[in-house]
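Trainee: Hi! Could we go through this one together?
Mentor: Happy to, let's have a look.

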Amino acid sequence: DYTFVTDPPFDMLTILDVYDIDLGMILPLVAYEKGPIEYVIKSVCENISWWGRIHIVLRVDGELAIKALAEAIKVFRQRPPPQETVLEVKPRYSPQSMGAVENINKEVKNLLRACVLFLREVVKVELHTNHPLISWLVRHVGWCISMYRVRSDGRTGYERLKGRPYHGKIAIFGECLWYRTPDAMRLSSLEERWSTCQHDLDQLCNRHWLMRHPSPGENNFYPH
C-alpha cells in the first residue's frame, strides 16, 4: 500500500509499505514514482524471497498504480525458478480488507517521525523529505519494526521468521561510530587505523553498515 509523508515546503514523500501479515515483517520503500519501478520491483521480490516465501497471495487495493506494480511483481517472480503469485484486488479505502497494512502505514510514519525528531534534537541534523538520507531512514525504520516490534503472540517478525530473537548489534541511525579503514593492513605501524563516522543504515538482507564520514565538505559513504 502507498502512504504519504508531508513536509512543507519540501516535496511530499511517497512510501510503499509491503507487509507480510503472517510473519509481521515489513518493507517500506521510498517510491519517487508510483507504479512498476524497477528498483521497487526488485527490492520487493528480494525481500519476499528473504522472508522464505515461494507461494504468496499479494493483496492490493484497486488503485491503478499499485495494481500495475503488483502485476509487474507477479511477472518478475515467474522468472526461473518460477514462484507463484496470486493477485487479490480489494476495494479502495476498505478497512475490512486493507486494515492491517493501514496500521503498518501508521507504525512506519510514527517511527519515522520519532527518528527525524531524534536527529534534529540530539544529532543536530535536519532531515526533510528531499534529503538524500531519507530513503535510507525509511528502510531502517522498517528494519527496526521487523526486528523489535512485538506482535500479539509475544514474538517479533524476525522471531516468527527465524524461530529466535534478533541478537545482532545495532547502532542508532546517525550515531557516531569507530570504523577500521579499508587499507589498515597496508599502513605502517604508527599510522592511524581507526576513524569515526556516522551510522546511516543496517541493511536488512546483507547486514552491511553504511557509513558517512563527518569531515567538513565530505559526503562519502563506506560499506562496512
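Mentor: What follows is a chat about this structure.

Trainee: Great. What kind of model is it, and how are residues numbered?
Mentor: This is a predicted model, where local features need pLDDT of at least 70, side-chain atom pairs count only at pLDDT 80 or more, and totals for chains, interfaces and linings use all residues. Residues are numbered from 1 along each chain as its sequence is written, and side-chain values use heavy atoms, with hydrogens and water left out.

Trainee: What pLDDT does the protein average?
Mentor: The average is 85, and 87% of the residues score at least 70; pLDDT is the predictor's confidence in each residue, from 0 to 100. Over residues 201-224 the pLDDT is below 50. Beyond near neighbours in sequence, that stretch has 70 contacts in the model, a contact being heavy atoms within 4.5 Å.

Trainee: Which residues touch the most other members of the largest nonpolar core?
Mentor: Those are Y2, L16, V40, V44, L69 and I73, out of 28 residues in that core. A nonpolar core is a set of buried Ala, Val, Leu, Ile, Met, Phe, Trp, Tyr and Cys residues joined through side-chain atoms within 4.5 Å. Buried means under 20% relative accessible area, exposed over 50%, and partly exposed in between (1.4 Å probe, protein chains only).

Trainee: And which elements supply at least two residues each?
Mentor: β2 (13-19), β3 (26-30), α1 (38-50), β4 (56-61), α2 (64-76) and α4 (134-148) do. The most comes from α2, with six residues. Helices (H or I, at least four residues) and strands (E, at least two) are DSSP runs, numbered from the N terminus.

Trainee: What is I73 in contact with?
Mentor: Leaving aside neighbours within four places in sequence, I73 contacts I41, V44, C45 and L58. Apart from this core lies another, of 19 residues, with V30, I104, C115 and I134 among them.

Trainee: Let's switch to β3. Why is it largely enclosed by the rest of the structure?
Mentor: Because five of its five residues are buried. I26, P28 and V30 cover one side, with L27 and L29 on the other.

Trainee: How do β2 and β3 run?
Mentor: Antiparallel, joined by five bridges; two strands pair if DSSP finds at least two bridges between them. V18 has L27 as its bridge partner in β3. The hairpin has six residues between the strands, and G24 there takes a positive phi near 85°.

Trainee: And in what sense do β4 and β5 pair?
Mentor: Parallel, over six bridges, with L87 in β5 as the bridge partner of L58. Together with α2, these strands make a right-handed β-α-β unit. Right-handed here means that, with the strands pointing away from the viewer, the path from the first strand over the helix to the second runs clockwise.

Trainee: Now E107: is it buried or exposed?
Mentor: E107 counts as buried, at 17% relative accessibility, and sits in helix α3 (residues 95-123). Its side chain joins that of R151 through a polar contact of 3.0 Å. That term covers a pair of N or O atoms within 3.5 Å; within protein, one must be able to donate a hydrogen and the other to accept it, and residues adjacent in sequence count only if both atoms are side-chain atoms.

Trainee: Last one, where are the cis peptide bonds joining P8 to P9 and P80 to P81?
Mentor: P9 is in the loop between β1 (2-5) and β2, and omega for P8 and P9 is about 5°. P81 is in the loop between α2 and β5 (85-90), with omega for P80 and P81 about -10°.
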